[in-house]
Amino acid sequence: SLVVLFGATAGAYGAKLGSDERELILLVWQVVDLHSKKVGTLHKSLVKADNLDLSDQCREVSGLTPEGLGKAEPLDRVLQQFSQLVSSDLKVLGRSSYTLCSDGQLLIRQVLHPETSKKNFLLSDCFYSFYDLRKEFHTCYPSSAAVKDQTIKTMAEYLGLGTDETEEDFGVWQVKTMVAIIFSMLSESCNHVFTEPETVKYKYETGPCSKSETVDSETVIRARGLPWQSSDQDIARFFKGLNIAKGGVALCLNAQGRRNGEALVRFVNSEQRDLALERHKHHMGSRYIEVYKATGEEFLKIAGGTSNEVAQFLSKENQVIIRMRGLPFTATQEDVLGFLGSECPVTGGKEGLLFVKYPDGRPTGDAFVLFSCEEYAQNALKKHKEILGKRYIELFRSTAAEVQQVVLNRYMSTPLIPTLPTPIIPVIPPPYTIATGSIRDCVRLRGLPYTAGIDDILEFMGDATADIKPHGVHMVLNQQGRPSGDAFIQMKSADKAFMVAQKCHKKMMKDRYVEVFQCSGEEMNFVLMGGTLNRSGLSPPPCKLPCLSPPAYAAFQTAAVIPAEAALYQPQALLPTTRTPQASAAAPPTVTYYPAQAAQLYMNYTAYYPSPPVSPTTVGYIAAPPGAVAAAATATHTPILPQPGALVRMQGLPYNTGMKEILSFFQGYQYAPDDYNGLIQLSDQARSVLQAPKEWVCL
């Protein structure tokens, strides 16, 4: 038997049914016995939606009103009545089993499944299998219109069925016409047999993906705007009603291994992908999710993997994966199993644990754990931020694709998702110096729009740009690496600086006026070190310790070496060997070193006007690997930073830590006299090249 089913929502109708996330307001159905060609009673049931605001199209087509719907039953009650009435009709016809038959796939896949998922109640098994009347009709009548162009009306017209849509209530005519179409297909001239129903997957199946696998680009979408804690099951729930391929959800990670709010989803065919695109800007909780087309190559880049260790870990199918973060570096498998306890046993014991390590074998503090069921995984998640050793441990839901990304990202030492822009000028800039001294040959721009760039400043300066020293524009960034609204410009003379300050003061840039003050190189450096420049003079950096003397920043040398392996050197390169006063004279000169990726990252920004040391050119002050030093031993270089007798490296700092907090932390400790005292902060971009956590190096 078939149960012919028709429905409507409070919003769009026809080909856009379900695309606007509106609720179901009408169900009409009738049982059809395919053998005896008898029918049961035709039932029509209104559904009370949470939002009774009907669209103009819905009012016009259906004739329904909010007042009438306000007296109806909610969806869960209507579905209960549906099951009871269908069972009663089947008994009258002497049948026991049935399959749904609908006009296309939208009612089942795009309306019923998503809405019941959001309202947290389960659909009965009958809604996971159904016949698409349009496909069955095209199979029976191959010369008819394409499936995507079929409607109930066009199918009836093709068969010459003389039914008038205006004679019946909305929904009733559609069901009666569908029944008539089915009987025509069952006639002796056609003798159609309903054999292959459409299916809806009960749950998403996890699994690994190999890079050698072929992925059709017509089956992949990119979802953007996901909550950071979303798991693959949450994403599968968002696409409830559509069939996602096994292991077809790949959460995208940034260069630091954290989720970036995007995911690539692979469906079983292009038809399912096209339906997924109709869920663009549907909601997951309070957030709307953007859905775009993607390619198979992008999916493999995120989800594909070839690591034997990962493949063995993921070989156990249908497991729930939990990611642990913040583990002590000395933690063992026994420690992790003991932390999880007997209430959440790990699948396979030690075999269900996968520790993530750096390429040199050092632990990262991350691990993945397999659980055989949802109950065990939920028990494990309850231990979120509990203590192991002296550290609290974070636990999150994870996916097979995330396992492959995180582990392979460590092995490759470079992010799988490129974040570096294409270089515009792939050359090393010529020598330049940052001025010091009391000569007032600089100007300070204050109140710049945060979107202002180098080009905007040059346009603002007008003819005076000819009087700017080479590499003399310095954008000032705040501790978060964002524009502060300030910039310093080195002019060729104090007179030129005075003229610029007089001419450009309070001149408009975009929709803001910009203040321009004349200042000296010493004052500029003082501000860049954290101090403030007021009309009454200088205010020291905000710390309790004695002020740091501004360093004499060395020139970038034209002979700087960029070895091919620049992107592969380890963070230990940050720790230059200590020197003693006796050996300082014989120590090799410090090389101005540009890691390959870093050179590409900033060359389009700093080719002519580099920023000061607190902004992106910080990467220029990274010590070179020993090979680079040896290769440049014959060249003459100016040391970037005189190396002190002691150096400490701080890890695990809060991301909003500034110089003030660092200096206060070390209050009471003596700095090396007569030598450079300072701090080097690693920027996010430089850190993505180094693959190291945020840290400061203190000298």
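Is proline 363 buried, partly exposed or exposed? Proline 363 is partly exposed, with a relative accessible area of 31%; buried stands for under 20% relative accessible area, exposed for over 50%, and partly exposed for what lies in between (1.4 Å probe, protein chains only).

## Basis of the description

This is a predicted model, in which local features need pLDDT of at least 70 and side-chain atom pairs count only at pLDDT 80 or more, while totals for chains, interfaces and linings use all residues. Residues are numbered from 1 along each chain as its sequence is written, and side-chain values use heavy atoms, with hydrogens and water left out.

## Surroundings of proline 363

Proline 363 belongs to strand E17 (residues 363-371); strands (E, at least two residues) and helices (H or I, at least four) are DSSP runs, numbered from the N terminus. Leaving aside residues up to four places away in sequence, proline 363 touches Phe329, Val356, Lys357 and Tyr358, where contact means heavy atoms within 4.5 Å. Between proline 363 and alanine 331 the C-alpha to C-alpha distance is 9.0 Å, with 32 residues separating them in sequence.

## Aromatic pairs

A pair of aromatic rings is described by the distance of the centres and the angle of the planes. Rings of Phe, Tyr and Trp (its six-membered ring) pair if their centres lie within 6.5 Å; planes under 30 degrees apart count as stacked, over 60 as edge-to-face and the rest as tilted. The structure holds 12 aromatic pairs. One of them is the tilted pair of phenylalanine 82 and phenylalanine 127, at 5.6 Å centre to centre and 40 degrees between the planes. Phenylalanine 82 lies in helix H3 (residues 75-93) and phenylalanine 127 in the loop between helix H4 (106-118) and strand E6 (129-132), so the pair ties together parts that are 45 residues apart in sequence. Phenylalanine 82 is buried at a relative accessible area of 1%, and phenylalanine 127 is buried at 2%.

The ring centres of phenylalanine 239 and phenylalanine 267 are 5.4 Å apart and the planes stand at 85 degrees, so this pair is edge-to-face. Phenylalanine 239 is in the loop between helix H8 (232-238) and strand E10 (244-253), and phenylalanine 267 is in strand E11 (residues 259-267), so the pair ties together parts 28 residues apart in sequence. Both phenylalanine 239 and phenylalanine 267 are buried. Elsewhere, Phe6, Tyr13 and Phe170 form one aromatic cluster.

## Strand E11 and its partners

Strand E11 is mostly covered, with 8 of its 9 residues buried. Strand E9 (residues 220-224) runs antiparallel to E11 and is joined to it by 5 bridges; two strands pair if DSSP finds at least two bridges between them. Valine 220 stands opposite arginine 266 in E11.

Strand E10 is likewise joined to E11 by 5 bridges, and the two run antiparallel. In this pairing isoleucine 244 stands opposite phenylalanine 267 in E11.

E23 and strand E24 (residues 512-519) run antiparallel and are joined by 3 bridges; the bridge partner of methionine 509 is arginine 512 in E24.

## Charges over rings

Lysine 507 lies over the face of phenylalanine 460, at 5.3 Å from the ring centre. Arginine 512 lies over the face of tyrosine 450, at 5.9 Å from the ring centre. The criterion is NZ of Lys or CZ of Arg within 6 Å of the ring centre and within 35 degrees of the ring normal.

## Positive phi angles

Lysine 510, in the loop between E23 and E24, has a positive phi of about 60 degrees although it is not a glycine. Glutamate 21, also not a glycine, has a positive phi of about 65 degrees. Glutamate 21 is found in the loop between strand E1 (2-9) and strand E2 (24-33) and is partly exposed, at a relative accessible area of 25%.
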